[in-house]
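Q: Hey, can you walk me through this one? I'd like to start with the sheet and then get to the charged pairs.

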Amino acid sequence: YLAFSPDGKTLFAVSELSPGFDTTGYVYSYAIAEEGPAVLRSRQPTYSHAPCHVRIHPSGEWILVSNYVGGVVAVYPVDEDGLIEAATQVLTHEGTGIHSRQESSHPHATTFAKNGSQVLVTDLGANVIWWYDFDKTIGRLTQTGQYRVELPPASGPRHMVVHPNGEYWYVLNELSNTLATFQRKGGEVSLVDTVATLPA
């Protein structure tokens, strides 16, 4: 998975290594020049295997990495030159679902909400969206009131986006081939609609 910094000068990438190749996966940063190839600038461990997603904070000062294996999401500061510094937090999630691929937590992606002050983690294995407050001064995630937003059984949430008005969440479910719409009212979120992504 690849993602650019807000100024377009740095490219971030995760290497989806499995346990047979190394003790951890990694996240990398590359400098992007106007001409010539990208230049490797930094690398940090992701503290688990199969890192499958990297998300940049709107400020460009933080990145979050999701590891499909191990339930791990890690937070890293990024300096003004695009160098990834040591993780400020490494969270391990737990949970299962009824599908055969939901034997353990599998974070698939993170999404920032409320101008970067909150983080949503789609967890295919636990069949939930983890909901955190994000303190961008220290790079730390803390639980919100609801914290755990359930999906219909065997959904397998993979990616999501938040409507610009902040009221609606749209969640793409890999296992059920559906798109779920949630509505947020204050500190509570509820499922309002689910549609198939495949024809009848």
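This is a predicted model: local features need pLDDT of at least 70, side-chain atom pairs count only at pLDDT 80 or more; totals for chains, interfaces and linings use all residues.

Q: Okay, in what order do the 4 strands of the open sheet sit?
A: The order is E13-E14-E15-E16, with antiparallel pairing. Strands here are DSSP runs (E, at least two residues), numbered from the N terminus, and two of them pair if DSSP finds at least two bridges between them.

Q: Which ones are the edge strands?
A: Those are E13 (157-162) and E16 (188-196), since each pairs on one side only. From one strand to the next, the twist averages 25 degrees; for such angles, axes are lines fitted to C-alpha atoms, and the values run from 0 to 180 degrees between N-to-C directions.

Q: How many bridges do E14 and E15 share?
A: E14 (residues 168-173) and E15 (residues 178-185) pair over 6 bridges, in the antiparallel sense. One of the partners in E15 is threonine 178, which bridges to asparagine 173.

Q: New topic: how many salt bridges are there?
A: The count comes to 3, where a salt bridge means a side-chain nitrogen of Lys or Arg within 4 Å of a carboxyl oxygen of Asp or Glu.

Q: Which residue does arginine 148 pair with?
A: Arginine 148 forms a salt bridge with glutamate 150, and their closest N and O atoms are 2.8 Å apart.

Q: And what about glutamate 174 and arginine 101, how far apart are the closest N and O atoms?
A: They are 3.1 Å apart in that salt bridge. The pair links distant parts of the chain, 73 residues apart: arginine 101 is in the loop between E8 (89-92) and E9 (107-113), glutamate 174 in the loop between E14 and E15.

Q: Is glutamate 174 buried, exposed or partly exposed?
A: Partly exposed, at a relative accessible area of 24%. Buried means under 20%, exposed over 50%, and partly exposed in between, using a 1.4 Å probe and protein chains only.

Q: Where does arginine 158 come in?
A: Its side chain meets that of glutamate 174 in a salt bridge (2.8 Å, N to O). Arginine 158 lies in strand E13 and glutamate 174 in the loop between E14 and E15, so the pair ties together parts 16 residues apart in sequence. Through shared partners, salt bridges join Arg101, Arg158 and Glu174 into one network.

How values were computed
Residues are numbered from 1 along each chain as its sequence is written. Side-chain values use heavy atoms; hydrogens and water are left out.
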